[in-house]
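These are my notebook entries on a structure that I looked through piece by piece. I wrote down each term with its cut-offs where I first used it.

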Amino acid sequence: MQREWFEKDYYQVLGVAKDASSKEILKAYRRLARQLHPDANPGDPSAEDRFKEVSAAYDVLGDETKRAEYDEARAAGPMGRPGGGQGGFSFNVGDMGGGAGGIGDLFGQMFGRRGQQGGAAGGAGPRRGADVRAELTVDFEDAVRGLTTTLYLTADAQCSTCHGNGAKPGTSPQVCGTCGGRGVVDDNQGLFSFSSPCPNCQGSGVVIPEPCPTCHGRGVELRQREVRTRIPAGVADGQTIRLKGRGSPGRNGGPAGDLLVDVHVAPHERFERRGKDLMTRVQISFPQAALGGTIEVPTIDGGHVTLRLPPGTQSGSRHRVRGRGIDNGRSSGDLIVTVDVTVPTEISDEQRSAIEALAAASMSGEVV
Ligand SMILES: [Zn+2]
Ligand SMILES: [Zn+2]
């Protein structure tokens, strides 16, 4: 475990989410490496520094094992806070570092380090908006087919009065005098020196002398929002769908958060899901079971499929109908039919004599 790991948020360095896939990480790295490569930026030492940062970040995040160790160290480290949260230590500084020295948004985050800020009055840098969670319950059939629906949310939206900067119209946010806009103050803890959030500006790097009357300086207000979204075919109960950029708005030009939709699938009276397969039960009579034959089995699309049962079909046996399960557009599962042999509770005289004859035949040792 390295000290660097505590100080640097490699995810921020690469501009990817904490749960980014390895593919996304590779993509971000390639893009940045190309952009920052010393050959492309001759005589620019800051580009070279950033190139090294990006390489160091990818060295860890690009390796599944190292990445897991890194995540663990950050969550459990001396100043780690499981689940992240607001402010804290130098690795969070990046949130507010942008704007310093006119560095582009993406790299603002890397300049929270001491010595690199250059004392420039940067103010608050871009901040990504928060993720928003929503729940959606869909019918079983809709989950199988997929659907387009509208989510009605009451969620943070950019304040319409101050356009998100939190200041009363006609005034503007000021650079914090305590931290000079860095958002952090230094804090020596023996061997390591960490930074903690500035108490004057709560880490934002700016103070708002006259807050916006609508949002009281938050820059966001609750608003009703409608989000139209496509739920893919085959969505499962408990699955979460991430809609990029549909969460809370970012601040100071930062990207919006994501909207996470937790999907609940209502149960169906006739079908159950097991992965991509659909399970159903049908009842057959004893003669059908004993003699075999064909039965019609309802399918999820409202139609029927013909199932051929062999003679001597047992109660509780399962029969697979290929390709009539859930089709998610790439492949489809099967329909699995469990047959239950029913015993009649009321029988006619004619049926009674037939069953008695069957019983007599069975007793006399004939094979049934
Ligand atoms: Zn406002
Ligand atoms: Zn401050």
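This is a predicted model: local features need pLDDT of at least 70, side-chain atom pairs count only at pLDDT 80 or more; totals for chains, interfaces and linings use all residues.

**Entry 1**

Residues are numbered from 1 along each chain as its sequence is written, chains are lettered from A and ligands numbered from 1 in the order in which they are written, and side-chain values use heavy atoms, with hydrogens and water left out.

Which atoms hold the zinc ion (ligand 1)? I found the protein donors to be C159 (SG), C162 (SG), C212 (SG) and C215 (SG), lying 2.3 Å from the ion; donors are N, O and S atoms within 2.8 Å of the metal (3.2 Å for Na, K and Ca), and water is not among the atoms, so sites may look incomplete. Along the sequence I read the spacing of these donor residues as C-x2-C-x49-C-x2-C. C159 sits in the loop between β2 (147-158) and β3 (174-175) and C212 in the loop between β6 (206-207) and β7 (220-231), so that this pair, 53 residues apart, links distant parts of the chain. Helices (H or I, at least four residues) and strands (E, at least two) are DSSP runs, numbered from the N terminus.

Why is the arrangement around the zinc ion (ligand 1) called tetrahedral? It is because the 4 donor atoms subtend angles of 104 to 116 degrees, and four donors count as tetrahedral if all angles lie between 85 and 135 degrees. For comparison I wrote down that the ideal angle for four tetrahedral donors is 109.5 degrees.

I then looked up the zinc ion (ligand 2), which is coordinated by C176 (SG), C179 (SG), C198 (SG) and C201 (SG) at 2.2 to 2.3 Å. Its site is tetrahedral, with angles of 103 to 115 degrees among the 4 donor atoms, and the donors follow the spacing C-x2-C-x18-C-x2-C along the chain. I checked two of these cysteines for burial: C176 counts as buried at 1% relative accessibility, and C179 counts as buried at 9%.

**Entry 1: tyrosines**

I counted 3 aromatic pairs in the structure; rings of Phe, Tyr and Trp (its six-membered ring) pair if their centres lie within 6.5 Å, and planes under 30 degrees apart count as stacked, over 60 as edge-to-face and the rest as tilted. One of them joins Y10 and Y70, which are stacked at 4.8 Å centre to centre with 25 degrees between the planes. Y10 is in helix α2 (residues 10-14) and Y70 in helix α5 (residues 64-76), 60 residues apart, and the pair links distant parts of the chain.

Y11 and Y70 form a tilted pair, 6.2 Å centre to centre and 45 degrees between the planes. Y11 lies in helix α2 and Y70 in helix α5, so this pair ties together parts that are 59 residues apart in sequence. I noted that Y10, Y11 and Y70 form one aromatic cluster, that Y10 and Y70 are both buried, and that Y11 is buried at a relative accessible area of 2%.

Note on methods
Four donors count as tetrahedral if all angles lie between 85 and 135 degrees; four count as square planar and six as octahedral if opposite donors are over 155 degrees apart and all others between 65 and 115; anything else is irregular. Buried means under 20% relative accessible area, exposed over 50%, partly exposed in between (1.4 Å probe, protein chains only).
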